[in-house]
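Subject: Model for your files

Hello,

Please find the structure below, with notes on what turned up in it.

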Amino acid sequence: MAPNAHNISATTITPTTAFNTTTTAAPDFITQLLNKIPLPRWAIYAIAAAIGLVFLICFFCICIKCCCKGKKKKNKDEKIKLDGMKGSTTAALVQPGMEDLDYGSNNKPKGKLQYSLEYDFQKQELIAGVKQAAELLAMDLGGTSDPYVKVYMLPNKSKTWETKVYRKTLNPVFNESFTFQTPQAELNESTIVMQVYDFNRFSKHEIIGELRIPLKTVDWNHVIEEWMELSAASKSEHENLGEICFSLRYVPTASKLTVVVLEAKNLKKMDVGGLSDPYIKIQLILDKKKWKKKKTSVKKKTLNPYFNESFTFEVPFKQIQKVQMVISAWDHDKVSKNDAIGKIFLGCSASGNQLRHWSDMLSNPRRPIAQWHTLQSVEEVDSALGMSYKFKIPLINKTF
């Protein structure tokens, strides 16, 4: 038994010694570090690759930003030089010198307006003509404007006239005239104002420039017709009453006129706390008599109310060109009488943007037409509503 036991132990010692010689080699530092991480090798390699990719992306981003910054600075320097050259050539056409180039946009040339003035002593009427404009300041991104002209008299601003809007032009030809009832004794105390605006359907109209002509300086022995450079608009004259946005829709077959009062903004402050409690009133006037009316809910303590309220009136097709619609903003007061903030009126006897909105509605039956309007003073609108029905808007021949 002893010999057999010796042989077995001998045979078992030999492979043990061989196994130890092949696996006891000391691994390097990286292998030891990897062995200590409790993750599979493929996961460790994937994490390392992701980290390397992030560092690589950051490096490229830094390089690109540095290159673009240098390029942008170079282009900016070139643009300033080009603008300076352009300014020197165009400014010379208007006035000598380069002083205006250092000032803001208010000192840029606004363009010029050709106008005419004539006074009829027998009828006590002033006829103001808006002929044409040229080289107007571009107000739109495309390098053009949608100009129209407002005409009114001071200090008694009882009526404001507006020309048609001309799309995408800096050289519109208007050829429109407007009549003001003005006693001769008031001429020396009056000023005629012509303001050129850029029309925007869904935002506030921007003023391009204006003319202010004191009538005491005019020689009424003949008709005045001349060009004049537009100047920056006066900021202190007009009281800002706010703006209102609403849509109009008329369906002839159903005799339905739908008004959706959407919102108002920048309303005049009516309360002591510097806010208002506004609501909107809609009135239909037929033959100078109040016909129908509706109003929105009251919005508490805000100058920028959002309504989105719809109102429908039944207006037969034969009356749609005779009716006038008055939209007014009011400040609600629980204790005292409600105060009117401002008004506008639309209809065939309106003018300017109000007439344009109304005619767009009639020309597009069943389609809601939305537009912003600037509120006017109550006195101005009430005075304009006193005039009689003047003309009809020709409807487009459509199958209703």
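Is D146 buried or exposed? At 10% relative accessibility, D146 counts as buried, where buried means under 20% relative accessible area, exposed over 50%, and partly exposed in between (1.4 Å probe, protein chains only).

Some notes on the basis come before the rest. This is a predicted model, in which local features need pLDDT of at least 70 and side-chain atom pairs count only at pLDDT 80 or more, while totals for chains, interfaces and linings use all residues. Residues are numbered from 1 along each chain as its sequence is written, and side-chain values use heavy atoms, with hydrogens and water left out.

Overall

The chain has five helices and 16 strands; these are DSSP runs numbered from the N terminus (helices H or I, at least four residues; strands E, at least two). Of its 400 residues, 38% count as buried. The accessible surface is about 24300 Å², and 58% of that belongs to carbon and sulfur atoms (Shrake-Rupley method, 1.4 Å probe; for residues, only the protein chains shown count as cover). Among contacts (heavy atoms within 4.5 Å) between residues at least 6 apart in sequence, 65% join residues at least 24 apart.

Salt bridges

A salt bridge here is a side-chain nitrogen of Lys or Arg within 4 Å of a carboxyl oxygen of Asp or Glu. The count comes to three.

- D146 pairs with R167 at 3.9 Å, N to O. D146 is in the loop between β2 (125-134) and β3 (147-154) and R167 in the loop between β4 (160-162) and β5 (173-181), so the pair ties together parts 21 residues apart in sequence. R167 is partly exposed, at 48% relative accessible area.
- R212 pairs with E210, with the closest N and O atoms 2.5 Å apart. E210 is buried at 2%, whereas R212 is partly exposed at 30%.
- K343 pairs with D382, with the closest N and O atoms 3.1 Å apart. K343 belongs to strand β15 and D382 to helix α5 (residues 378-384), so parts 39 residues apart in sequence are tied together. K343 is buried at 12% relative accessibility, and D382 is partly exposed at 37%.

Sheets

Strands count as paired if DSSP finds at least two bridges between them. Six bridges join β11 (residues 278-286) to β12, and K281 stands opposite K295 in β12.

A further open sheet of four strands, also antiparallel in its pairing, has the order β13-β10-β9-β16. Nine bridges join β9 (residues 243-251) to β10 (residues 256-265), and F246 has V261 in β10 as its bridge partner. Helix α4 packs on this sheet, touching β9, β10 and β16, and its direction makes about 170° with that of β16.

Surface patch

L33, I37, L39, I47, I51 and F55 form a nonpolar surface patch with about 570 Å² of accessible area together. Patches take residues with over 30% relative accessible area and no salt bridge, joining like charges within 9 Å and nonpolar side chains (Val, Leu, Ile, Met, Phe, Trp, Tyr) within 5 Å. Helix α3 (residues 41-94) gives the largest share, three residues. L39 sits in the loop between α2 (29-36) and α3 and is partly exposed at 43% relative accessibility.

Regards

Methods:
Axes are lines fitted to C-alpha atoms, for helices over the stretch in contact, and angles run from 0 to 180 degrees between N-to-C directions.
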